[in-house]
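Here's a walk through a fold, taken a few helices at a time. Have a look at the model first, then read on.

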Amino acid sequence: MELLWLLEGLAALAVAGLGLIVVIAHITAVKTPNLNRHDDEKFFLTTEDKKESVPSIHDPPTCELSVVVPCYNEEERLPSMMDEALDYLEKRQKQDPAFTYEVIVVDDGSRDQTTKVALKYTQKYGIDKVRVLPLVKNRGKGGAVRMGVFSSRGKKILMADADGATKFEDVEKVEKGLESLQPWPNQMAIACGSRAHLEKDSIAQRSVFRTVLMYGFHFLVWFLCVKEIKDTQCGFKLLTREAASQTFSALHIERWAFDVELLYIAQCFKMPVAEVAVNWTEIEGSKLVPFWSWLQMGRDLLFIRLRYLTGAWQLGKRKN
């Protein structure tokens, strides 16, 4: 009898705890996404220390591909990625003069020389091809990507990490993945680069603790938010302009778990999403702190689900 009372007491505590978490998630939610720009974020920097007004995601596209590169203290890793990306993009344009592109480097409040390094590529390739957008203060990776997306001109928009971990020419793979989803409903579709096929090899190089954290995170993503994508965190994603506008306009999370909310929003709007295997190499210098970053992401995953369920966060009607 005492054991039964104990179990009932524990169950009551668990329910009360869950109720408290739901209440905290709801009342601490910022109801609207952070779409505001500082006045200085309405301009790209140029090599002459002048400024050029940024376009809007709501304008008609004027180039084929926008590449958005979020950066935070990336002066050392950025050059390798930019050299590889621009070498590929320039060769592709020579082969097909109709192909036009831009690379938007978003400096997310860096404290090093990231902006200065990026401007060297503007000087070499021109402001039409390489555009540098410094943010006044650090927003987080998701916030930086959003500002780049909202300042882009491409029919398709590629998110690419500054570390160059994904082989850039694999953009052709995600493009094929995107095309395979046609016809796109309301011109919206997303292709996600994926490292899921490399998981067995990566586990062999990880500690047991990190492997447990990884599987725990994957379970939470599947259980709470996104069912059909195995690797939500690969930073190599290609979106149609309409999909980028719709998802990033509704996005609340601006730090590491923003990819999960992005795909959750796409799932709610029934956007077709393809997962495409890409080549990936781990690069030293990651900003993720293994335990605390995973803990923060786990909290964010729970709050994403609870805040949408309780109506603290709401998705507007899909625009045609």
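The expected span of a helix is 1.5 Å times one less than its number of residues; helices (H or I, at least four residues) and strands (E, at least two) are DSSP runs, numbered from the N terminus. This is a predicted model, where local features need pLDDT of at least 70, side-chain atom pairs count only at pLDDT 80 or more, and totals for chains, interfaces and linings use all residues. Residues are numbered from 1 along each chain as its sequence is written, and side-chain values use heavy atoms, with hydrogens and water left out.

Start with α2: its 18 residues reach 26 Å from first C-alpha to last, close to the 26 Å expected at 1.5 Å a residue. Its buried residues (under 20% relative accessible area, 1.4 Å probe, protein chains only; exposed is over 50%, partly exposed in between) include Leu 78, Met 81, Met 82 and Ala 85. Among the elements covering them, by contact (heavy atoms within 4.5 Å), are β3, β4 (101-107), α3 (114-125) and α5.

Now hop over to α5, residues 171-179, where Val 171, Val 174, Glu 175, Gly 177 and Leu 178 are buried. Seen down the axis, these fall within an arc of 160°, so they line one face of the helix; the arc is that of the directions from the helix axis to the C-beta atoms. Their cover includes β3, α2 and β6 (154-159).

Last stop: Ser 245, in helix α8 (residues 241-250). Is this serine buried or exposed? Ser 245 is buried, at 15% relative accessible area. Leaving aside neighbours within four places in sequence, Ser 245 is in contact with Ile 57 and His 58.
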